[in-house]
Amino acid sequence: MVLVKNGLIHDMVNNEPYKADILIEDGKIKAIGTDLAADGEVFDAEGLDVYPGFIDAHAHLGLDGYGIGFEGHDYNEMNDVCTPQLRAIDSFNPLDPTVKQAALAGVTTVATGQGSSNAIGGTWIAVKTTGVCVDDMIIKDPVAMKCALGENPKRCYREKGNSARMTTAANIRQMLFKAKEYLAKKEAAAGDVTKMPAFDYKCEAMIPVLNKEIPLKVHAHQANDILTAVRIAREFDVKLTLEHVTEGHLIADKLAECKDVPMAVGPTLTHASKFELQNKSWTTPKVLNEKGCLVSIITDSPVIPQQYLPLCAGLAAKAGMDPYEALKAITINPAKHIGIEDRVGSLEVGKDGDLVVYEGSPLEIEGRVRLVLINGKKIS
């Protein structure tokens, strides 16, 4: 049992913060109120601010190892342009130093998985940033099916039959068509093994997408790629999340029509290292948020080190985004983006005991972490 007393609570439910205590028992928030008591550890947060643990909806934490080299590079499979059967859980390394670095900075939950070399890369996971066994850290598996449009599949597979944007899109469509046919045959067989189609691991992996159990999680920087992702999702009637959305501000009116599509914006704190990043802007989160889109701010770590997620939200606020909306973009919005808002993203009774206590604001460079709890346990 842990009691955090007298803090200014930013619960991401109410627009205005309020002073209260938070009682955590058995890893869950048991009560939020005044004059609470506990038999366990008590932390006095007088004069400090309390936030939900920060969440990144798009990272490669634990798969792209600390200290670049082939040995730690486990997030891109470079031998097949479509690999939906791959699972991020099988590459995630809980003991990579970046996982602890994230936790100490108050980033308590991360969606992580394959990179963007492949047209279809495989399934992602959502994990807490503490533990030694990924199975114990998992919040949700699978989160989504990673796909990529634009320059990366073109570059990585240009000698292997994928050298144009339309080819990448065609490869994604082909996999969806094939999986749709495979599923229809399985359903028609009605359990009769003599009528079942030959087992196809790739098609099996795509069935949760076709059944709308998980979305396509599509890497798309350039405006035309963003709209191609929307087009494909509509064609096959599947769920979609947009990742990066670098030129989203250039097509904001079109994206305003996609209220059912969560959008993860970033990484913005980087050099424009390729052509499709030339129009990136810190105003993108603000513009899309004001159009009514569900916006998350991301690091794409290790592109931006995971611990600087709050800094990215602060820079979005500096560029004009409402500060409360910027905080939502690293708490409740990414929780919704990856489908775990019933567990994390806000401070509410019944949710996981993940919180970060700050001296100052996480949106300001002077802000300092004073306490991080994950599942009610102190990270030190």
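Two strands are said to pair if DSSP finds at least two bridges between them. In this predicted model, that criterion applies to β13 and strand β14 (residues 263-265), which pair in the parallel sense over 3 bridges. Within this pairing, L242 has M263 of β14 as its bridge partner.

The pair belongs to an open sheet of 6 strands, in which the order is β8-β11-β12-β13-β14-β15 and the pairing is mixed. The edges of the sheet are taken by β8 (120-123) and β15 (295-297), and because each of these has a single partner strand, one side of each is left without a neighbour in the sheet. From one strand to the next, the twist averages 20°. Helix α5 (residues 201-210) lies across β8, β11 (145-148) and β12, and its direction makes an angle of about 95° with β11.

A further helix, α6, spans residues 223-236 and has 14 residues, reaching 21 Å from its first C-alpha to its last, which is close to the 20 Å expected at 1.5 Å a residue. The buried residues of α6 are A223, D225, I226, T228, A229, V230, I232, A233 and F236, where buried means under 20% relative accessible area. The elements that cover these buried residues include two strands of the sheet described above, β12 (216-220) and β13 (240-244), together with the helices α4 (165-189) and α7 (252-255). Just after α6, the chain continues with D237, which takes a positive phi of about 55°.

How values were computed: Residues are numbered from 1 along each chain as its sequence is written. This is a predicted model: local features need pLDDT of at least 70, side-chain atom pairs count only at pLDDT 80 or more; totals for chains, interfaces and linings use all residues. Side-chain values use heavy atoms; hydrogens and water are left out. Helices (H or I, at least four residues) and strands (E, at least two) are DSSP runs, numbered from the N terminus. The expected span of a helix is 1.5 Å times one less than its number of residues. Buried means under 20% relative accessible area, exposed over 50%, partly exposed in between (1.4 Å probe, protein chains only). Contact means heavy atoms within 4.5 Å. Axes are lines fitted to C-alpha atoms, for helices over the stretch in contact, and angles run from 0 to 180 degrees between N-to-C directions.
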